[in-house]
Each structure stands twice: as structure tokens, then as C-alpha cells.
Amino acid sequence: MSDPLDPDLFATASIAFDLDGTLVDTAPDLVRALNGVITPLGLASIPVDDVRAMVGRGAQALIERAYASQQRPLEPAQTAELLARFIEIYQADIAADSRLFPGVEATLARLQDAGATLSVCTNKLSVLSDQLIAEFNLTDYFARIIGPDRTTAKKPAADHVHTALGQGHLRAAMVGDSAPDVDAARAAGVPSIAMSYGYSEAPAGSLGADRLLHDFSDVPGVLAEIWRA
């Protein structure tokens, strides 16, 4: 069993987590929804590994990148229609093939037990984030679930992180997997952890996070090191 976390550190801390690629491996369901939108229109299916590098900026960007990858034009009016269809397909079976990354729930429980305030800071629409988190019975771990529609500007904007973290904490951090997470944390003036297994366009080690981790279970110990430094 892991050692108890220091309440002097964690009970006064607020920690924001990215969702897709950090807490949940959602790529199989995202690619299913994406291909359900684009293949009837004559585009080729996108492989799941390609989608992993497209996810971090939200569903609309995912569709736009799928079109760009096949040199197909995409009109703004068409984008809205395709986005609505994507959400319909995705929401109908949001967690069919998605899975929590190893160690996620146990680690969230440790952090919560130590008194930390936990939140989700994601470029995924809030209604989809709420539904996905509920599917995995994680809702009660989070004080706030902040998609782009619940803040003034989405990641990499500092406001997104500030909204997720809330107020009244002495220590804070952002845990994610891609450039929008690290850049938003930097803009917000809080330390960041990047998970190497996630959905990054560039190698996670090149993002400039304060720490790079390979195992989610290591998050509490590394946060303690950062805050004690």
C-alpha cells in the first residue's frame, strides 16, 4: 500500500487534470465517431493511432484535421453540421471501448483522501465530459468539471486552468498529456506534469512540463517533490 500523503501539502492544494489521454484512453471511441462522420462523405477512415495525435484541441479541431490530412476542403457551415453529427454518434455510446489508464482511480482516491481539491480541465465539451466521467463512476472525485463552454477561453488559455483550480488553495498543479495542457499551466503560473502515454502531437518530453511521468500512480509523489522544492 502507498504511504499516506502529507496533509500539510495536499489539504491546501488544488489539482487540475486533463481528461482525454490523461485520465481516460478515449481514442477508440473518438475514432469510431470521427469515421462515422467522414466516411459517408467519401473520406478514408482515420487509423486510431493517428487520432491519438489529433485529440488535444477538441472535437471540431479533430474533424478539421481529418479533412486537412486528406487535402479535402471544409467549409465553416459544414463544420458545424459535422460537429453535431460527431457528438450524436459519440454520445450514443461514449465509453464503448474507452478505458481508464492504469492507476487513475486509485490515485484520485489517494489525493482526495489527503484533502486535495481535484478538477477536470478539458477541451472536450462539458456535456460529453460529464457523461464520460460518470460512465467510469469518477464524478464524486471532482469539485469541478470544466470544459471550454464553462470558462472564458479554452486551453492553452490561462483562464481555463484558473477556472478549474478555483480559489482558496495554497498550492496548485496541472496534469495533462499535450501542449495545450503544459502551455495553459505555464500561462496560469502553475507547475505542470506531462504523462508520456497520452495524446501529444509532439513527444511529451519536448513540451516543457515541469515533470514527465510514465505512470499515473507517480503523480502524488512528484507533486510533493515539486511543492517542497
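**Entry 1: a helix pair**

I looked up helix 2 (residues 27–38) and helix 4 (residues 59–69) and found that they pack at an angle of about 60°, with axes 11 Å apart. My helices (H or I, at least four residues) and strands (E, at least two) are DSSP runs, numbered from the N terminus. Axes are lines fitted to C-alpha atoms, for helices over the stretch in contact, and angles run from 0 to 180 degrees between N-to-C directions. The angle makes helix 2 oblique to helix 4; under 35 degrees counts as roughly parallel, over 145 as roughly antiparallel, 65 to 115 as roughly perpendicular, and the rest as oblique.

A note on provenance: this is a predicted model, where local features need pLDDT of at least 70, side-chain atom pairs count only at pLDDT 80 or more, and totals for chains, interfaces and linings use all residues. Residues are numbered from 1 along each chain as its sequence is written, and side-chain values use heavy atoms, with hydrogens and water left out.

Next I checked who touches whom (contact means heavy atoms within 4.5 Å). From helix 2, Leu30, Leu34 and Ile38 meet Leu62, Ile63, Ala66 and Tyr67 of helix 4.

I then traced an open sheet of six strands, order 5-4-1-6-7-8, with parallel pairing; two strands pair if DSSP finds at least two bridges between them. Strand 5 (144–146) and strand 8 (211–213) are the edges, each pairing on one side only.

Strand 7 (residues 192–195) pairs with strand 8 in the parallel sense over three bridges. I noted that Ala194 has Leu212 in strand 8 as its bridge partner.
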